[in-house]
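Let's take a walk through this structure together, starting with the overall picture and then moving to individual contacts. Keep the viewer open as you read.

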Amino acid sequence: MTNSSLTSIAHNAREQADGWGLLALRLFVAQEFIQAGWMKLSAGLTAPEWFAGLDFPPVLAWLGPDLNWASAGFGEVALGLALALGLAGRLASIGLLFITWVAVYTVHFDLGWAGWNQIEADAGQGFKVPLMLAFMLLAILMQGTGRLSLDAWLGNQWVRRGHDTHPAIQTHP
């Protein structure tokens, strides 16, 4: 086998695998947020006592605990679904990064560093898991949603209809 055929095989394998890693990452992160949001919404739109007693960042503190609770729940579900579908994935990542920042600011940071092996216990409520989710969201924000997403499909449809927003640069007048 020649070098060029090995290169061709490697190139074809890469093309076939392209997008699957981002899809897996999106689905994992999305289900975490959808589950957290659904838990909030299932408990009702009135914030529980532990949540009502939190110190929110200045602007969010004006909204009150009930609106913060409902907004977090709806945001986690809606943005998680968008992320799972790969629809406006970068925008969904920004929204979920904001929700994560608020969660770390209000709840997780004061509880310290705790890992996966303690996640179901009070000791596991620290900021390690939210920080890992934030890094995953940052990767999606920087890389996009990948070729296996509605963003990619809609972009291809847009280009096929002749609405290419990035026309070729002309080098000659």
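What percentage of the 173 residues in the chain do buried residues make up? Buried residues make up 32% of them. Please keep in mind that you are looking at a predicted model. Its secondary structure comes to 8 helices and 0 strands, and from the N terminus on the elements read α-α-α-α-α-α-α-α. Among contacts with a separation of 6 or more, 66% are between residues 24 or more positions apart.

Let's begin with a helix pair. Helix α2 covers residues 20-42 and helix α7 covers residues 128-143, and their axes come within 10 Å, crossing at roughly 135°. An angle over 145 degrees would count as roughly antiparallel, so α2 is oblique to α7. The crossing of α2 past α7 is left-handed. On the α2 side, the residues that meet α7 are Leu22, Leu25, Arg26, Phe28, Val29, Glu32 and Phe33; their partners in α7 are Leu133, Met136, Leu137, Ala139, Ile140 and Gln143. Sorted by class, this contact has 10 nonpolar, 1 polar and 2 charged residues.

Next, turn to α5 and α6. The axes of α5 and helix α6 (residues 89-108) come within 9 Å and cross at roughly 150°. Because that angle is over 145 degrees, α5 and α6 are roughly antiparallel to each other. Their crossing is left-handed. From α5, the residues Ala72, Gly75, Glu76, Leu79, Gly80, Ala82 and Leu83 meet Gly89, Ala92, Ser93, Gly95, Leu96 and Ile99 of α6. By class, the residues of this contact divide into 7 nonpolar, 5 polar and 1 charged.

Is Glu76 buried or exposed? With a relative accessible area of 6%, Glu76 is buried, because buried means under 20%. The side chain of Glu76 reaches the backbone nitrogen of Gly37 at 3.1 Å. Leaving aside residues up to four places away in sequence, Glu76 touches Phe33, Ile34, Ala36, Gly37, Lys40, Leu96 and Ile99. Leu96 and Ile99 are among the α6 residues that α5 meets, while Phe33 is among the α2 residues that meet α7.

Between α5 and α6 there is a loop, and Ala88 has its place there. Ala88 has a positive phi of about 55° although it is not a glycine. Most residues other than glycine have a negative phi. Ala88 is partly exposed, with a relative accessible area of 37%.

The last stop is another loop, the one between α7 and α8 (150-160), where you will find Ser149. What does the side chain of Ser149 have within reach of a polar atom? The backbone oxygen of Gly146 lies 2.7 Å from a polar atom of that side chain, and the backbone nitrogen of Ala152 lies 3.1 Å from a polar atom of the Ser149 side chain. Ser149 is buried, with a relative accessible area of 8%. Not counting residues up to four places away in sequence, Ser149 touches Arg26, Leu85 and Gly86.

Technical notes
Residues are numbered from 1 along each chain as its sequence is written. This is a predicted model: local features need pLDDT of at least 70, side-chain atom pairs count only at pLDDT 80 or more; totals for chains, interfaces and linings use all residues. Side-chain values use heavy atoms; hydrogens and water are left out. Axes are lines fitted to C-alpha atoms, for helices over the stretch in contact, and angles run from 0 to 180 degrees between N-to-C directions. Helices (H or I, at least four residues) and strands (E, at least two) are DSSP runs, numbered from the N terminus. Angles under 35 degrees count as roughly parallel, over 145 as roughly antiparallel, 65 to 115 as roughly perpendicular and the rest as oblique. A crossing is left-handed if the near helix is turned anticlockwise from the far one by less than a right angle, and right-handed if clockwise. Contact means heavy atoms within 4.5 Å. Ala, Val, Leu, Ile, Met, Phe, Trp, Tyr, Cys and Pro count as nonpolar, Asp, Glu, Lys and Arg as charged, and the others, Gly among them, as polar. Buried means under 20% relative accessible area, exposed over 50%, partly exposed in between (1.4 Å probe, protein chains only). A polar contact is a pair of N or O atoms within 3.5 Å; within protein, one must be able to donate a hydrogen and the other to accept it, and residues adjacent in sequence count only if both atoms are side-chain atoms.
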